[in-house]
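Please look over the chain below before reading on.

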Amino acid sequence: MPSIKNIVLFGQSGAGKSSVVNLMAGEERAETSPDTEHWTKGWEEHFIDVDGCAYKVFDTVGLKEPQLGTKEYLEAIVNAYELIKTLKQEGGIHLLLFCVRAAKFTSTIQNNYRLFYEWFCEKKVPIVLVFTGLEGEENMEGWWTRSEGLFERHGIVVDSHVCITAANGMGGRQQGLYQLSRKLVHTRVREHIRDWKEESALKEGDEPKENGGWFRAFKQKLKKLFKGTQTAKKEIVTALMKRCGVSPIPRDVETRPIHTPIGIKSLALEETV
């Protein structure tokens, strides 16, 4: 097992991903402004020490970022794939932290889950839901008690969760909740890194089977994430080939237009939890 563990943090822009990085580090490491260009494209890498254990935390761009256009959206998908592929060659991915702001349940939440956990990581990596924005709750854990069934109904199954506030410098009770949140996140990370098994992690050798396996299935699944734009599925496939070294497209691959992100039919409207 490598000495430095790789953790991928993902979630929609505005979910508090960069604030969670700072919470874990105990200091300002990541920019938290939603207008900061460098963290809305690609990923940022942060070295964080937790109780003597070294981690590399990768803060990524999420699916369906509201400030990204078609070109940037395509780039986000390609960058995510490229990161996963790179980490497979650098000791594997040990943990996914799925950052979600505790508010309305939208199709974007499900799309992020599918893209990173089901499709890129093939359900081989432990995943923890990190709910942010709970500084106003009397009991932060109570939010999950009220919301757990909603996530299960929409097929979001995780290894664990944590309900936190990543808002620092508020003073009073909120500052106490911030310190508690830091301990809770550290505990979840330690638990799932400790239980990490070499044979079950996503690592080098788990390559896409382009001609009829994982990669072909992924191309077909892309259609489920899109509706209503002129972006063609072929654009994403071609970009993956060019940037990530994926094999050429089989002749029978369709090039029908794909569409902007949607979830399953029941997610056409946002649900309040």
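**A walk through the chain**

Glu122 sits in the loop that joins α3 (107–120) to β6. Helices (H or I, at least four residues) and strands (E, at least two) are DSSP runs, numbered from the N terminus. The model is a predicted one, in which local features need pLDDT of at least 70, side-chain atom pairs count only at pLDDT 80 or more, and totals for chains, interfaces and linings use all residues. Residues are numbered from 1 along each chain as its sequence is written, and side-chain values use heavy atoms, with hydrogens and water left out.

Glu122 is not a glycine, yet its phi is positive, at about 55°. With a relative accessible area of 27%, Glu122 is partly exposed; buried means under 20% relative accessible area, exposed over 50%, and partly exposed in between (1.4 Å probe, protein chains only). Asp51 is another residue other than glycine with a positive phi, near 50°. Asp51 belongs to the loop between β2 and β3, and its relative accessible area of 57% makes it exposed.

A further loop, between α4 (140–153) and β7 (160–163), contains Gly155. Gly155 is partly exposed, at a relative accessible area of 37%. Which residues does Gly155 contact, leaving aside its neighbours within four places in sequence? They are Tyr113 and Glu118, where contact means heavy atoms within 4.5 Å.

Now to the chain as a whole. It has 7 helices and 8 strands, and 52% of its 273 residues count as buried. Among contacts with a separation of 6 or more, 74% are made by residues 24 or more positions apart.

Helix α1 (residues 17–25) is largely enclosed by the rest of the structure, because 9 of its 9 residues are buried. The buried residues include Lys17, Ser18 and Ser19 at one end and Leu23, Met24 and Ala25 at the other. The cover over α1 includes the strands β1 (5–10), β2 (43–50), β3 (53–60), β4 (95–101) and β6 (127–132), together with α5. Gly26 follows α1 and has a positive phi, near 80°.

Two packed helices are described by the angle between their axes and the distance between the axes. For α1 and α5 (residues 172–194), the angle is about 85° and the axes are 9 Å apart. Axes are lines fitted to C-alpha atoms, for helices over the stretch in contact, and angles run from 0 to 180 degrees between N-to-C directions. The two helices are therefore roughly perpendicular, the term for angles of 65 to 115 degrees. On the α1 side, Asn22, Leu23, Met24 and Ala25 meet residues of α5 that include Tyr178, Arg182 and Val189.

How many disulfides does the structure hold? There are 0, a disulfide being a pair of cysteine sulfur atoms within 2.5 Å. Cys121 is buried at 0% relative accessibility, and Cys163 is buried at 3%.

Technical notes. Angles under 35 degrees count as roughly parallel, over 145 as roughly antiparallel, 65 to 115 as roughly perpendicular and the rest as oblique.
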